[in-house]
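Dear colleague,

I am passing on a structure that may be new to you, and my notes on it follow below. Please read them with the model open beside you.

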Amino acid sequence: MDFSVLDLSEDVRDFLREVEQFLDEHLTPAVIDEEWETGAGHNRSFHRALGAKGWIFPGWPVADGGAGLDPVRCRLLESELRRRHAPSITKGTTSLSIAAVRAYADDELRADIVPRVARGEVCICLGYTEPDAGSDLAGVRTKATRDGVRWIISGSKMFTTGAQNCQYSFLVARTDPDAPKHHGLTVFLVPLDSPGVEVRPIHTLGGERTNVVYYGDVRVSDHYRIGPVNGGWSVLSGPLSAEHGIGRDDDHGLAEINPAGVTYYETLERLLEHTLRWAASNQVIDDPVVRVRLAQVALDIEAARNTPSPMGRVLASELLIRDSADMIDLVGPEALITRGEDGALEDGIIEWAHRFAQGTAIYAGTTEIHRNIIAERILGLPRHARFRSG
């Protein structure tokens, strides 16, 4: 691994200044405050502004709605968006699904959806999890029954984050109840303004908004089918692998080593920054015990950052859970005062990081699911055996 400092050319520095000016103009305090208040993971005006620059998918060719940026500029742009805490959850779910739309949708649907997604006019959520099918995605029970040139979709999806921001759901449904569970699935791009769709909010402990989405005999044209009938598992394999951080290209050495856990270790970085500031302002920074505990967090950040996915996703989550609790213990009871309340330390960031950490063990598949992925996909171990008594 090359740890040398990257020497940026003057034209790349000009690009970085362009990014900073753009964010100064569009990522306003009002946008950040809205995200704190709603946990929506999306701001429509900011997202549209990114689309106008071709920066939703900056590496795409200009002809496809991107900006044609090289890997260095893409990485700098993404780093600045993260550093300034730009709302990005809905952009992320759209990114996961659009690759499958480009690969599997028919020409007419692809020509309609892809340019509007690139411009920021259309967003897509993930219709995966169900009340009775969480990490076992192949166990979904939402049904799609063919009715001539249409499909009738019935069922419900849980934890559909960003549905309130999106025009479509990238939804997996069971189309053959008699087939083995991995072989009877089909994927649809369901318009969320269809009659029979109902989105209800769920507010999480970490402050994010997610949703339950009900599909009550929703009629969808076969035009919105993504990939072959009963071939949905193949369609899902790409988005699922990307979400788990498997099989990503290196992007000339500039790709995130731990893409699946990046939000977690960046939250840990944010926690450390604010705890350090608290320690300095309270003149405890020179206490050897305090310095050791803060140094441990700094070491954990580097360990999480440099551990490849999917191992890094597990490590980042577990370190964030552990270290956020330790920083609460270090600071004391005042660290539990929430943002906006009298006496909140560091605008409530320390309290928020601890609260957010608790959900990271289940996001994008539980840590247990990722351990299975590590065992089977990375270590080459056999799938778990089913033992029978007698």
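Into which domains is the protein divided? It is divided into domain 1 (13-119), domain 2 (124-231) and domain 3 (261-378), with bounds that come from an automatic or database domain assignment.

Two remarks on the basis of these notes come first. This is a predicted model, in which local features need pLDDT of at least 70 and side-chain atom pairs count only at pLDDT 80 or more, while totals for chains, interfaces and linings use all residues. Residues are numbered from 1 along each chain as its sequence is written, and side-chain values use heavy atoms, with hydrogens and water left out.

On confidence, the protein averages a pLDDT (the predictor's confidence in each residue, from 0 to 100) of 91, and 93% of the residues score at least 70. Over residues 249-255, however, pLDDT stays under 50, and the model has nine contacts (heavy atoms within 4.5 Å) beyond four places in sequence for them. Where pLDDT is low, the predicted coordinates should not be read in detail.

Turning to domain 1 and domain 3, their C-alpha centres lie 27 Å apart, and four residues of domain 1 are in contact with six residues of domain 3. The two domains bury about 560 Å² between them, 59% of it on carbon and sulfur atoms; buried area here is the accessible area (1.4 Å probe) that two parts lose on being put together, summed over both. In domain 1, Trp36, Arg82 and His85 lose the most area to domain 3, together 92% of what that side buries.

Across this interface the rule finds one salt bridge, that is, a side-chain nitrogen of Lys or Arg within 4 Å of a carboxyl oxygen of Asp or Glu. Asp33 forms a salt bridge with Arg339, and their closest N and O atoms are 3.3 Å apart.

The structure as a whole holds 31 salt bridges. Among them, Arg305 pairs with Glu269, with the closest N and O atoms 2.5 Å apart, and Arg141 pairs with Asp132 at 3.6 Å between the closest N and O atoms.

With best wishes
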